[in-house]
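Reader: I would like to learn how to read the features of a model like this one. Could we take them one at a time?

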Amino acid sequence: AIAGMVFVQMCLGIATLLTGVNLWLALLHQAGAMVLLALAVIHARALRDAAREQARVSTAPIDGAPGLV
């Protein structure tokens, strides 16, 4: 999803410049930037949560294993 949005954002930016900064294309480019930022934040949070879960699972004691006293 992020790679696709980066491509759309790139195309919008190039089209905006080629049309002499057409207002509607420029506005679409700005809206695309907001969408891309939101996707990046969502992706980063998902990666962080997955890393935390992995760390929690890898340090959890195994059932039946003797514990340290």
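Author: Start with exposure: a residue is called buried under 20% relative accessible area, exposed over 50%, and partly exposed in between. Glu53, at 38% relative accessibility, therefore counts as partly exposed. Keep in mind that this is a predicted model.

Reader: What share of the 69 residues in the protein chain is buried?

Author: Buried residues account for 12% of the 69 residues. The protein chain exposes about 5,700 Å², and 74% of that area comes from carbon and sulfur atoms.

Reader: How many helices and how many strands are there in the protein chain?

Author: The protein chain has two helices and zero strands. Helix α1 covers residues 2-18, and helix α2 covers residues 23-59.

Reader: At what angle do α1 and α2 pack, and how far apart are their axes?

Author: The angle between α1 and α2 is about 160°, and their axes are 9 Å apart. Angles over 145 degrees count as roughly antiparallel, so α1 is roughly antiparallel to α2. The crossing of these two helices is left-handed.

Reader: What separates the C-alpha atoms of Leu39 and Met5?

Author: A distance of 8.7 Å separates them, although Leu39 and Met5 are 34 residues apart along the chain. Leu39 belongs to helix α2. With 27% relative accessibility, Leu39 is partly exposed.

Reader: Where does Val21 lie?

Author: Val21 sits in the loop between α1 and α2. Its phi is near 60°, a positive value in a residue other than glycine. Val21 has 53% relative accessibility and is classed as exposed, because the cut-off for that class is over 50%.

Reader: Now the charged side chains. What is the general idea behind a pair?

Author: Side chains of opposite charge can pair when their charged atoms come close. The cut-off for a salt bridge is 4 Å, taken between a side-chain nitrogen of Lys or Arg and a carboxyl oxygen of Asp or Glu. By this rule there are two salt bridges.

Reader: Which residue forms a salt bridge with Asp49?

Author: The partner of Asp49 is Arg48, and their closest N and O atoms are 3.4 Å apart. Arg48 is partly exposed at 36% relative accessibility, and Asp49 is partly exposed at 40%.

Reader: And which residue does the side chain of Glu53 meet in a salt bridge?

Author: The side chain of Glu53 meets that of Arg56, with 2.6 Å from N to O. Both residues lie in helix α2, three residues apart, which is about one turn of the helix. Arg56 has a relative accessible area of 48% and is partly exposed, as is Glu53 at 38%.

Key. Residues are numbered from 1 along each chain as its sequence is written. This is a predicted model: local features need pLDDT of at least 70, side-chain atom pairs count only at pLDDT 80 or more; totals for chains, interfaces and linings use all residues. Side-chain values use heavy atoms; hydrogens and water are left out. Buried means under 20% relative accessible area, exposed over 50%, partly exposed in between (1.4 Å probe, protein chains only). Helices (H or I, at least four residues) and strands (E, at least two) are DSSP runs, numbered from the N terminus. Axes are lines fitted to C-alpha atoms, for helices over the stretch in contact, and angles run from 0 to 180 degrees between N-to-C directions. Angles under 35 degrees count as roughly parallel, over 145 as roughly antiparallel, 65 to 115 as roughly perpendicular and the rest as oblique. A crossing is left-handed if the near helix is turned anticlockwise from the far one by less than a right angle, and right-handed if clockwise. Accessible areas come from the Shrake-Rupley method with a 1.4 Å probe; for residues, only the protein chains shown count as cover.
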